[in-house]
Amino acid sequence: MNKEIPVFFAVDNGYIPFLGVALKSLIDNTSKENKYAIKILYTSVTEENKKRIKKYEQENVTIEFVDLNKQLNEIKEKLYTRNYFSNTTYYRLFIPELYPEYDKVVYIDSDTICLSDIANLYNIDMGDNLIAAVQAIDVFKDYVERVVGVADYNKYFNAGVIVMNLKELREYKFEEKFIYMLGKIRFEVAQDQDYLNRLCKGRVKIIDYAWNRMPIMGKREGEINLIHYNLGSKPWYFDDILYQEYFWKYAEKTEFYNEIKAIGAKYTDEDKEKDDANSAKLIELAQKETECVGDDRNK
């Protein structure tokens, strides 16, 4: 085997079925020439659910659950979440110090489908950049530039699929700076994604959309290596989601298929109205925060 590819996920009990589908897609597209070390960051997952996920291990794929209760307890009073977000969204920020043996890792959200060997993403040349990632959608351009402080929105990235340069992040003292910022600034719109962009700005490699193709972006030409069903684009809730066929292709290969179908069946019109209202409130929040900050970009 050539090398070990470390791949991280973050999950709670409620997202175990979707993690199972994401893992199935990733593992089906691995190369036998590499070893893949999959780390699942968690604070609350049952032993039964761990066993269900560990079944995906094979000769070149190991799966380890990593308990982050200690790290989260130390800063829990500072953490902020809203709507469908949970504290799992912050787990990735502890990876550099948790794994000093790694110089580089891939982090992926669990609402994803991988259609290519994840080693190809891992092998991207980052130089001395801290993060390699895909540009985020442009709904919040003014918010990003004026509130988060990323001068050029084109350099603001989506944090759901990232390559992390752990060696450089440790030298930069990223975790120490993140915890300090938690006590000084409260980003309420994209939370951990905003902290990552604020801390890493100027040292981000923007990569091709192929590695984080989001249905919310609409259909685009080019390769599709990884699909990210972020925000409201959940194929288990709706039957008109772009690229939904890829999700169901892999879901049908898992023991979680019927469970996911049942989750979708429980999603009501009232739930949709609530989610739509939350999305509208998010846009309103971004606008309010932007209006409270002066604009000197053209001065």
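Mentor: A crossing is called left-handed if the near helix is turned anticlockwise from the far one by less than a right angle. This is a predicted model, and in it the crossing of α1 and α11 is left-handed.

Trainee: What makes up the contact of α1 with α11, by class?

Mentor: On the α1 side are P17, F18 and V21, which meet E259, I260 and I263 of α11. By class, 5 residues are nonpolar, none polar and 1 charged. Glu counts as charged, so E259 in α11 is the charged one.

Trainee: Which residues does F247 touch, leaving out those up to four places away in sequence?

Mentor: F18, V21, I113, Y229, P235, W236 and I260. F247 is also, with F9, I38 and I118, one of the residues touching the most other members of the largest nonpolar core, which has 53 residues. Helix α1 gives the most to this core, 8 residues. Another core, of 48 residues, lies apart from it and includes L41, I95, F140 and L169.

Trainee: Which residues of α6 are called buried?

Mentor: Buried means under 20% relative accessible area, and in α6 (residues 141-148) the buried residues are Y143, V144, E145, V147 and V148. Their cover includes α9 and α12.

How values were computed
Residues numbered from 1 in each chain as written. Predicted model: local features only at pLDDT ≥ 70, side-chain atom pairs only at ≥ 80, totals over all residues. Heavy atoms only, no water. Core = buried A, V, L, I, M, F, W, Y, C linked by side-chain atoms within 4.5 Å. Buried < 20%, exposed > 50% of the residue type's maximum accessible area, 1.4 Å probe, protein only. Helix = DSSP H or I, 4+ residues; strand = E, 2+ residues; numbered from the N terminus. Contact = heavy atoms within 4.5 Å.
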